[in-house]
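Keep the 3D view open while reading.

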Amino acid sequence: MKQYEVPVLSNKQVSNRYWHMRVDISNVKETITPGQFFHIRCTSERSPFLRRPFSIYQIHDQSLEFLYLVKGVGTQRMTHISPGETLNLLGPLGEGFKLDPQAKTILLVARGVGVATLAAIAQQAFKQNVKVVAVLSARTREDLLAAEYLTEFGADVYPVTEEEGTSDVAYVNELLTTNILIQYKIDTVYTCGSRRLSKLTQQLADKYRIPGEIALEEHMGCAMGACYACVSDIIENGQKKSVRVCIDGPVFPLEKVMME
Ligand SMILES: Cc1cc2nc3c(=O)[nH]c(=O)nc-3n(C[C@H](O)[C@H](O)[C@H](O)COP(=O)(O)OP(=O)(O)OC[C@H]3O[C@@H](n4cnc5c(N)ncnc54)[C@H](O)[C@@H]3O)c2cc1C
């Protein structure tokens with residue numbers, strides 16, 4: 001893991017709350033895998049002092065894309081970065097997703113900005129001719145950004161939104177059990193972005209015996225395993241175990257994560 005100063009190619013608002021940034025990574029020599037993240041210095045000013053973690057949204061040979069939700073001071077500062085300026089990145093960090101080479105169909109269950117994390121595994125699936133089925137949950141239709149991208153590449157996308165009253169867990173459960181899990185033979189499920197949806201996904205993965213992975217999001221300090229800010233609990237061999245999301249994850253086997 002290294003620190004890089006990379007040129008920003010574009011940084012655009014793509015909806016009311018989301019921005020998209022593309023950076024040149026021609027000087028990054030490490031392999032970058034879906035589910036990994038970079039710890040980003042959001043500004044060249046002193047504040048905010050701590051970097052912020054962002055998943056890789058799309059990976060290309062010479063560039064990387066990030067999709068970010070403007071939440072607080074860090075992401076607000078990121079919106080002020082202009083093309084031609086540089087971005088200070090630490091990474092790539094963490095353990096990414098695994099895509100079984102035998103997989104034929106994968107299911108993504110994402111809420112909100114969780115889709116920024118899952119889009120990269122979809123990108124890898126498209127390259128390997130693996131069918132992608134995605135349940136995307138968001139507040140509004142406008143917030144379903146990656147839906148268009150996924151559909152363009154042949155994914156079957158099932159949008160559920162608060163504004164349409166279709167995003168509650170009972171509705172998604174119905175959608176999965178009476179439609180998706182009957183219509184498709186899912187080989188692996190990936191989830192991110194909502195504890196409630198991830199809990200449902202975990203229960204259904206267990207019931208239908210589908211292996212799964214989850215990308216966890218926790219507040220992070222150093223992102224190098226030293227500060228223990230991002231500790232989360234998992235179950236391993238029947239025992240509760242504390243893990244650091246930054247170095248042990250952010251991707252974990254779905255069945256191991258404690259959802260309460
Ligand atoms: C591994 C990982 C990958 C991530 N990938 C993305 C991504 O691709 N796109 C994206 O938009 N966001 C992503 N996030 C979340 C992102 O890091 C936070 O939204 C960001 O740090 C907020 O910074 P801020 O300064 O704007 O807001 P702050 O002022 O720090 O916080 C604003 C609000 O966000 C909450 N918050 C802050 N940090 C986190 C966090 N790490 N997890 C959950 N809530 C948080 C705070 O409680 C507060 O309510 C990721 C987080 C992790 C851990």
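The structure holds 2 cavities of 30 Å³ or more. The model is predicted. The largest pocket has a volume of about 1000 Å³, and the largest cavity has one of about 60 Å³.

**Largest cavity**

- Nine names make up the lining: L107, V109, L176, L181, V189, T201, L204, A205 and I210.
- Strand 8 (105–111), helix 4 (169–183) and helix 5 (195–207) are the elements that each give two or more residues to this lining.
- Helix 5 gives the most, with 3 residues.
- The lining of the largest cavity counts 8 nonpolar residues and 1 polar residue, with no charged ones.

**Second largest cavity**

- The second largest cavity holds about 50 Å³ of space.
- Its lining consists of A110, R111, G112, V115, L136, S137, A138, D143, L144, L145, A146 and A147.
- Two or more residues of that lining come from each of strand 8, strand 9 (131–138) and helix 3 (145–152).
- By class, the lining of the second largest cavity has 8 nonpolar, 2 polar and 2 charged residues.

**Packing of helix 4 and helix 5**

- Two packed helices are described by the angle between their axes and the distance between the axes.
- For helix 4 and helix 5, the angle is about 35° and the axes lie 10 Å apart.
- Their crossing is right-handed.
- On the helix 4 side, V169, V172, N173, L176, T177 and L181 make the contact. On the helix 5 side, R196, L197, L200 and L204 meet them.
- The contact of helix 4 with helix 5 has 7 nonpolar, 2 polar and 1 charged residues.
- L176, L181 and L204 take part in this contact and also line the largest cavity.

**Largest pocket**

- The largest pocket is lined by 39 residues. Nearest its centre lie P53, K71, V113, E217 and E218.
- Strand 4 (52–55), strand 6 (63–69), helix 1 (73–78), helix 2 (114–127), helix 5 and strand 12 (212–215) each supply at least two lining residues.
- Which element gives the most to the lining of the largest pocket? Strand 4 does, with 4 residues.
- By class, the lining of the largest pocket divides into 18 nonpolar, 12 polar and 9 charged residues.
- Helix 5 supplies at least two residues to the lining of the largest pocket and gives 3 to that of the largest cavity.

Methods:
Residues are numbered from 1 along each chain as its sequence is written. This is a predicted model: local features need pLDDT of at least 70, side-chain atom pairs count only at pLDDT 80 or more; totals for chains, interfaces and linings use all residues. Side-chain values use heavy atoms; hydrogens and water are left out. On a 1 Å grid over the protein atoms alone, a cavity is a set of points where a 1.4 Å probe fits but cannot get out, and a pocket is an open set with protein on both sides within 12 Å along at least five of seven lines; lining residues have an atom within 4 Å of a point. Grid points are joined across faces, edges and corners, and a volume is the space filled by probe spheres set on the points. Ala, Val, Leu, Ile, Met, Phe, Trp, Tyr, Cys and Pro count as nonpolar, Asp, Glu, Lys and Arg as charged, and the others, Gly among them, as polar. Axes are lines fitted to C-alpha atoms, for helices over the stretch in contact, and angles run from 0 to 180 degrees between N-to-C directions. A crossing is left-handed if the near helix is turned anticlockwise from the far one by less than a right angle, and right-handed if clockwise. Contact means heavy atoms within 4.5 Å.
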